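Please brief me on this protein model.

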Amino acid sequence: MSAATTRSRTPDRLCAEAVDLARAAAEEAAAPGVVGEHVGVVSDGDRVVTHFFECKELGYRGWRWAATVARASRAKTVTLDEVVLLPGPDAVLAPEWVPWSERLRPGDMGPGDLLPTDAEDLRLEPGFTGEDAPPPNSAVSHEMAELVDAEDADVTEGSPARLPAAPVRGSIPAVAEELGMRRARVLSRYGLYAAADRWEEAYGSKTPMAQAAPASCVSCGFLTPVGGSLGQAFGVCANEFSPADGRVVSLAYGCGGHSEAAVMPKPPRPAPPVIDETRVDPFPLRPSADSGSVPETADEETAELGHS
């Protein structure tokens, strides 16, 4: 270790003693009454020292006012370098800034919001636009387009602009226009896989609803097929009572609203009660005539004696 390195780690004596100079500079830069006690001094180099003062300003807990002082070689006068507000070891700091493209989550967009797509988005790839040929339904003929380019003119709302131009039958742009392929960018293979994984996780065969379903969506009458390669594994649910109504569901997904779940299970019959409280046992108000040990007699006087 060199002598210069050792000397730079030891605060300069004159700079370390210039606490009043550092405090005055911090109070001049800060609001009145927010500069607190002197909390430390650090050597930043040869004859360069930073004094730290407590910050009492609300909202800056743990921050410190840092006043850096220095002096020239062989000079006895200490001068001010700079004053800044720096966070301390226990300072309250704002969270790390995250770009909006990484903060955005599904469902965050509202009416009027715009989501610009990156030109290098991996989910998209260039599609067929037919820019090398005019659109088949163009209102300007080939001759008029060449004339406009040669004269550097604009076609106004007049009879030349309304000249019909018959599309060239059988050309690639005409076929692309008819099939709906004239898009600047289309979904890439990575975009297809990302969408399939996202939909499979939300409405796939491993969800609790699908595990308890009587059958899968592939045999459900409420499933609406989708076109393209995704139609081989997904469809749209059209059952208003299903939890996936209007959602893209996997063909292996299922719910209790399956169209073929027509047989309703019979309600369970309860076990017979131990004490039947619903049955009524009739009891006569008077005992019957033949319930006693003495046979019934026709003598009314004997009957009044109360023999049983």
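The model is predicted: local features need pLDDT of at least 70, side-chain atom pairs count only at pLDDT 80 or more, and totals for chains, interfaces and linings use all residues. Residues are numbered from 1 along each chain as its sequence is written, and side-chain values use heavy atoms, with hydrogens and water left out.

**Overall make-up**

- The protein has 9 helices and 9 strands. Helices (H or I, at least four residues) and strands (E, at least two) are DSSP runs, numbered from the N terminus.
- Of the 308 residues in the protein, 22% are buried. Buried means under 20% relative accessible area, exposed means over 50%, and partly exposed lies in between (1.4 Å probe, protein chains only).
- The protein exposes about 23600 Å², and carbon and sulfur atoms supply 55% of that area. Accessible areas come from the Shrake-Rupley method with a 1.4 Å probe; for residues, only the protein chains shown count as cover.
- Take the contacts between residues at least 6 apart in sequence: 54% of them join residues at least 24 apart. A contact means heavy atoms within 4.5 Å.

**Confidence**

- The mean pLDDT of the protein is 79, and 73% of its residues reach 70 or more. pLDDT is the predictor's confidence in each residue, from 0 to 100.
- Among the elements, strand 8 has the highest mean pLDDT (96) and helix 1 (residues 3-9) the lowest (50).
- Over residues 1-7, pLDDT stays under 50, and the model has 4 contacts beyond four places in sequence for them.
- Over residues 158-164, pLDDT also stays under 50, and here the model has 10 such contacts beyond four places in sequence.

- Two strands pair if DSSP finds at least two bridges between them.
- Strand 1 and strand 2 (residues 48-55) run antiparallel and are joined by 7 bridges. Gly40 stands opposite Phe52 in strand 2.

- Strand 7 and strand 8 pair over 3 bridges in the antiparallel sense. The bridge partner of Leu223 is Cys237 in strand 8.
- Ser229 lies in the loop between strand 7 (223-225) and strand 8 (234-237). Ser229 is partly exposed, with a relative accessible area of 47%.
- The C-alpha atoms of Ser229 and Leu192 are separated by 8.7 Å, although the two are 37 residues apart along the chain.

**Cysteines**

- The count comes to 0 disulfides. A disulfide is a pair of cysteine sulfur atoms within 2.5 Å.
- Cys237 is in no disulfide; its nearest cysteine sulfur, that of Cys255, is 5.8 Å away.
- Cys237 is buried, with a relative accessible area of 11%. Cys255 is buried as well, at 9%.
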